[in-house]
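Hi there,

Here is the structure I promised to pass on. Have a look at it first, and my notes on helix packing and charge pairs follow below.

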Amino acid sequence: MANILYRYLHETQHPITGLLESFPRSEDPELQGVGFTYDLALACLVFTHHRSLSEAGRIAEFFRSMPLPTLHGQDFNPAYHVRHGLPALESTVHLGPMAWVALALARYGPATGQLVYLRRAEELLLWAGQHVPSQDGGFAMGLVPPWTDRYSVENNWAYYYIPKRASADDYSHQQMLVAMLKGKVKVLIVIGQFLRGPNWQFY
């Protein structure tokens, strides 16, 4: 299965930017030539798992070289044009895509011994912890309404899986990820039931 996924992604990867189109056969003009950040992060993970580190590195470097997100910026946008790497569709910051990018970087860095990528994953987690609304250890989906009242189990899983994965490895810098989030999780026992509030929505 890994080989099948690799071949498909390899054939889809843009020869110049290294990004991948999410819906290459779509007839929707808004989706043509667009790669969603979720998909790019997942492709980086697949390439890394397959030990196709040059292909993974092109995606990892695309995100590593970005400045940290800002409230009104377009870095770590949910989608990008694969031909030139510019933001596509909506311009906003969501925890989910950013957490998946951090997950991909945290996997790629130790796989290559280039801990600069792991450090960027750490910086993204720190940034999210400081800027994304949270309660009882769970993070909202975004920075502005209505996303501040919406919580995604998937987003929080991705966010908290990174230090969990890091703790299984022997790279000293990875232990910083574990220490950074120590005491942050209060519940996270029953998935989908760790956040409660009158106006909160789950996804």
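Predicted model: local features only at pLDDT ≥ 70, side-chain atom pairs only at ≥ 80, totals over all residues.

Ala41 is found in helix α2 (helices, H or I, of at least four residues and strands, E, of at least two are DSSP runs, numbered from the N terminus). At 3% relative accessibility, Ala41 counts as buried, where buried means under 20% relative accessible area, exposed over 50% and partly exposed in between, with a 1.4 Å probe and protein chains only. Leaving aside neighbours within four places in sequence, Ala41 is in contact with Trp100, Val101 and Ala104; contact means heavy atoms within 4.5 Å.

Residues are numbered from 1 along each chain as its sequence is written, and side-chain values use heavy atoms, with hydrogens and water left out.

Now to the helix pairs. The axes of α4 and α5 come within 7 Å and cross at roughly 155 degrees. Axes here are lines fitted to C-alpha atoms, for helices over the stretch in contact, and angles run from 0 to 180 degrees between N-to-C directions. The two helices α4 and α5 are therefore roughly antiparallel (angles under 35 degrees count as roughly parallel, over 145 as roughly antiparallel, 65 to 115 as roughly perpendicular and the rest as oblique). Their contact, that of α4 with α5, has 15 nonpolar, one polar and one charged residues. For these classes, Ala, Val, Leu, Ile, Met, Phe, Trp, Tyr, Cys and Pro count as nonpolar, Asp, Glu, Lys and Arg as charged, and the others, Gly among them, as polar. Residues of α4 that meet α5 include Met98 and Val101, and Val101 is also one of the residues in contact with Ala41.

Helix α3 packs against α5 at an angle of about 45 degrees, with the axes 10 Å apart, so α3 and α5 are oblique to each other. Here Ala60, Glu61, Phe63 and Arg64 of α3 meet Val116, Tyr117 and Arg120 of α5. By class, this contact of α3 with α5 has four nonpolar, no polar and three charged residues. The buried residues of α3, among them Ala60 and Phe63, pack against α1 (2–12), α2 (37–49), β2 (79–81), α4 (95–112) and α5.

How many salt bridges does a search of the whole structure find? The search finds two, a salt bridge being a side-chain nitrogen of Lys or Arg within 4 Å of a carboxyl oxygen of Asp or Glu. One joins Arg64 to Glu61, with the closest N and O atoms 2.8 Å apart. Both residues, Arg64 and Glu61, lie in helix α3 (residues 53–64), three residues apart, about one turn of the helix. Arg64 is partly exposed at 24% relative accessibility, and Glu61 is partly exposed at 28%.

Arg120 forms a salt bridge with Glu123, with 2.6 Å between the closest N and O atoms. Arg120 and Glu123 are three residues apart in helix α5 (residues 115–131), so about one helical turn separates them. Arg120 is buried at 14% relative accessible area, whereas Glu123 is partly exposed at 33%.
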